[in-house]
Amino acid sequence: MTMDHGQPVESLLLYPSEGLLVSAGGRYVKVWDLLKGGQPLVSLKNHHKTVTSLCLSSSGQRLLSASLDRHVKVYNTTNYKVVHNFDYAASILSLALAPDDESIVVGMTNSILSVKHRKSLEDLKETSGQQRRRPSYRVFVKGKNPVPKQDDYLVSKSVKQHLAKYDKQLKKFNVTKALDTALEVCIYKKAK
């Protein structure tokens, strides 16, 4: 069986069922149906530069592709839509998942090996239960009730000018609506 990817092939991935083959080359990730004689099933063009590596999750529900454009795209294998995107500091040459899908490992052109760990369910429950509100910078530096010292300068916040309704209409170049709005205000004032 021979299939033409159309670009130099950088990576191949065979599904565990051995019914589908995924090839990566150029900006394309292509899925081939081996049971139908190598017919193309899907052609994905979600990267801006050459796709260098492919990986499949342990459940087979997620396909990952890494590229020289510094992105790892995560696809849903039922409809091949991008469900997540990871951005890295340099072009990516290799990609791997831990057997339990808890870690993603990426090798980059700047000689860095990046390992990202997924948060466990316990960590997620702890962070969602303790949604802390951080103090603002002013409170952090000066405290809640700051007392100005003799050498301190007071810088007041500028008050935002609110425009009248007719001025807002003039700003949008709606002259007739502005005139109508201005006359409505005059009629309302006379009626009082």
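Helices (H or I, at least four residues) and strands (E, at least two) are DSSP runs, numbered from the N terminus. The structure is a predicted model, in which local features need pLDDT of at least 70 and side-chain atom pairs count only at pLDDT 80 or more, while totals for chains, interfaces and linings use all residues. Residues are numbered from 1 along each chain as its sequence is written, and side-chain values use heavy atoms, with hydrogens and water left out.

The chain contains four helices and 11 strands. Of its 192 residues, 30% are buried, where buried means under 20% relative accessible area, exposed over 50%, and partly exposed in between (1.4 Å probe, protein chains only). The accessible surface of the chain is about 14700 Å², and carbon and sulfur atoms contribute 54% of this; such areas come from the Shrake-Rupley method with a 1.4 Å probe, and for residues only the protein chains shown count as cover. Among contacts in the chain with a separation of 6 or more, 27% are between residues 24 or more positions apart, a contact being heavy atoms within 4.5 Å.

The account of individual residues begins with D33, which belongs to strand β3 (residues 28–33). D33 is buried but has no salt bridge, and K36, the nearest side chain of opposite charge, is 4.3 Å away. For charge, Lys and Arg count as positive and Asp and Glu as negative, whereas His and the chain ends are not counted. A salt bridge requires a side-chain nitrogen of Lys or Arg within 4 Å of a carboxyl oxygen of Asp or Glu. The side chain of D33 does reach the backbone nitrogen of L35, at 3.1 Å. When residues up to four places away in sequence are not counted, D33 touches G19, L20, G38 and Q39.

H47 is placed in the loop between β4 (39–44) and β5 (51–56). This histidine counts as buried because its relative accessible area is 1%. The side chains of H47 and D69 are joined by a polar contact of 3.3 Å. A polar contact is a pair of N or O atoms within 3.5 Å; within protein, one must be able to donate a hydrogen and the other to accept it, and residues adjacent in sequence count only if both atoms are side-chain atoms. Besides D69, the residues that H47 touches include R27, S65, H71 and Y75, with residues up to four places away in sequence not counted.

The loop between β6 (62–67) and β7 (71–76) holds R70. Side chains of opposite charge can pair when their charged atoms come close. R70 forms a salt bridge with D87, with the closest N and O atoms 4.0 Å apart. Because R70 lies in the loop between β6 and β7 and D87 in strand β8 (residues 82–87), the pair ties together parts that are 17 residues apart in sequence. The count of salt bridges comes to one. R70 is partly exposed, at 34% relative accessibility, and D87 is also partly exposed, at 44%.

Most residues other than glycine have a negative phi. R70, however, has a positive phi near 75 degrees. D101 likewise has a positive phi, of about 60 degrees, although it is not a glycine. D101 lies in the loop between β9 and β10 (103–108), and it counts as buried because its relative accessibility is 12%.

I92 is located in strand β9 (residues 92–97). With a relative accessible area of 0%, I92 is buried. Leaving aside neighbours within four places in sequence, the residues in contact with I92 include T52, L68, R70, V72, V106 and M108. I92 and I112 are 20 residues apart along the chain, and their C-alpha atoms are separated by 9.7 Å.

L170 lies in helix α3 (residues 165–171) and counts as partly exposed because its relative accessibility is 42%. Together with Y166 and V175, L170 makes a nonpolar surface patch of about 270 Å². Patches are made of residues with over 30% relative accessible area and no salt bridge; like charges are joined within 9 Å, and nonpolar side chains (Val, Leu, Ile, Met, Phe, Trp, Tyr) within 5 Å. A182 is found in helix α4 (residues 175–191) and is partly exposed, with a relative accessible area of 22%. Although A182 and Y166 are 16 residues apart in sequence, they are 5.8 Å apart in space, C-alpha to C-alpha.
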